[in-house]
Amino acid sequence: MKKMEDYVRTIPDFPEPGILFRDVTSVLQDPDGLKLAIDSMIQLLDGTDFDVVAGTESRGFMFGVPIAYQLGKAFIPVRKKGKLPCETISAEYALEYGTAEIEIHKDAIKPGQRVVLVDDLIATGGTIEASIRLVEQLGGKVAKVIFLMELAGLKGREKLAGYEVASVISYEGK
């Protein structure tokens with residue numbers, strides 16, 4: 001039986017020399033890899049009490065929706081600025097060069113709801129940290145944050161201190 005790591009394609013020197021790019025598309029393209037990814041992420045939620053799943057655009061959608069469906073929960077999209085049609089709140093976060101902004105509908109999360117945040121990868125942690133701020137601004141409580149992959153060398157977990165964080169795969173490098 002293959003391990004999750006066996007489905008992740010590693011591309012050396014992308015996007016720049018010295019970087020090992022962990023490509024999630026190889027997981028998505030393989031039915032067994034996709035099933036193992038979703039099942040493994042669901043296992044990370046064993047014993048977690050929560051009401052809704054929220055996922056960040058766009059790969060957080062790919063994993064968050066089937067997790068929510070399988071567990072009988074609603075799914076809340078956290079989108080790039082300007083993509084949601086109703087009234088939103090937004091949070092800015094730092095990129096390597098500049099900033100970006102994400103949004104969530106104002107009525108997406110009810111005060112007191114326990115939210116699981118899902119994304120494919122944690123690197124520096126900026127996107128998910130901004131997502132946490134949005135959930136909390138709406139009165140939600142972050143029950144857990146889960147990822148398929150973690151680039152531990154980029155220390156994204158440090159931005160999430162105080163939250164329960166889990167990943168299926170952890171790579172030591174960047």
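1. **Basis of the model.** The structure is a predicted model, in which local features need pLDDT of at least 70 and side-chain atom pairs count only at pLDDT 80 or more, while totals for chains, interfaces and linings use all residues. Residues are numbered from 1 along each chain as its sequence is written, and side-chain values use heavy atoms, with hydrogens and water left out.

2. **Order of the elements.** Read along the sequence, the protein chain shows the pattern β-β-α-α-β-α-β-β-β-β-α-β-β. This comes to four helices and nine strands. Helices (H or I, at least four residues) and strands (E, at least two) are DSSP runs, numbered from the N terminus.

3. **Overall dimensions.** The protein chain has a radius of gyration of 16 Å, which agrees with the value near 16 Å for a compact globule of 174 residues. The radius is taken over C-alpha atoms, and the globule rule is 2.2 Å times the number of residues to the power 0.38. Along the principal axes, the C-alpha atoms of the protein chain fill a box of roughly 40 × 40 × 30 Å.

4. Of the 174 residues of the protein chain, 44% count as buried. Buried means under 20% relative accessible area, exposed over 50%, and partly exposed in between (1.4 Å probe, protein chains only). The protein chain exposes about 9100 Å², and carbon and sulfur atoms supply 51% of this area. Accessible areas come from the Shrake-Rupley method with a 1.4 Å probe; for residues, only the protein chains shown count as cover. Among contacts (heavy atoms within 4.5 Å) between residues at least 6 apart in sequence, 55% join residues at least 24 apart.

5. **Charges.** The protein chain carries 21 positive and 26 negative side chains, and the centres of the two sets lie 1 Å apart. Lys and Arg count as positive and Asp and Glu as negative, whereas His and the chain ends are not counted. The place of a charge is taken as NZ of Lys, CZ of Arg, CG of Asp or CD of Glu.

6. **Nonpolar cores.** In soluble globular proteins, nonpolar side chains tend to be buried together. A nonpolar core is a set of buried Ala, Val, Leu, Ile, Met, Phe, Trp, Tyr and Cys residues joined through side-chain atoms within 4.5 Å. The largest such core has 27 residues, of which Met-4, Val-27, Phe-63, Ile-67, Val-118, Ile-146 and Leu-148 touch the most other members. Helix H2 (31-43), helix H3 (59-71), strand E7 (114-122), strand E8 (141-151) and strand E9 (165-171) each supply at least two residues of this core. Apart from it lies another core, of 26 residues, among them Ala-91, Ala-108, Leu-138 and Val-165.

7. **Phe-63 and Met-62.** Leaving aside neighbours within four places in sequence, the contacts of Phe-63 include Leu-28, Ile-38, Val-118 and Leu-148. Met-62 is in helix H3 and, at 38% relative accessibility, counts as partly exposed.

8. Tyr-163 is placed in the loop between E8 and E9 and is partly exposed, with a relative accessible area of 27%. Not counting residues up to four places away in sequence, Tyr-163 touches Ile-132, Glu-136 and Val-142. The C-alpha atoms of Tyr-163 and Val-142 are separated by 7.4 Å, although these residues stand 21 residues apart along the chain. Arg-133 belongs to helix H4 (residues 126-137) and is partly exposed at 36% relative accessible area. Beyond four places in sequence, Arg-133 touches Ala-91 and Glu-92.

9. **Backbone points to inspect.** Most residues other than glycine have a negative phi, and most peptide bonds are trans. Which residues does a cis peptide bond with omega of about 5° join? They are Phe-14 and Pro-15, and Pro-15 is in the loop between strand E1 (9-12) and strand E2 (20-23). The peptide bond from Glu-57 to Ser-58 is cis, with omega near -10°; Ser-58 is in the loop between strand E3 (52-56) and H3. Asp-13, not a glycine, has a positive phi of about 60°. Asp-13 is in the loop between E1 and E2 and is partly exposed, at 49% relative accessible area. Lys-155, not a glycine, has a positive phi of about 60° and lies in the loop between E8 and E9.
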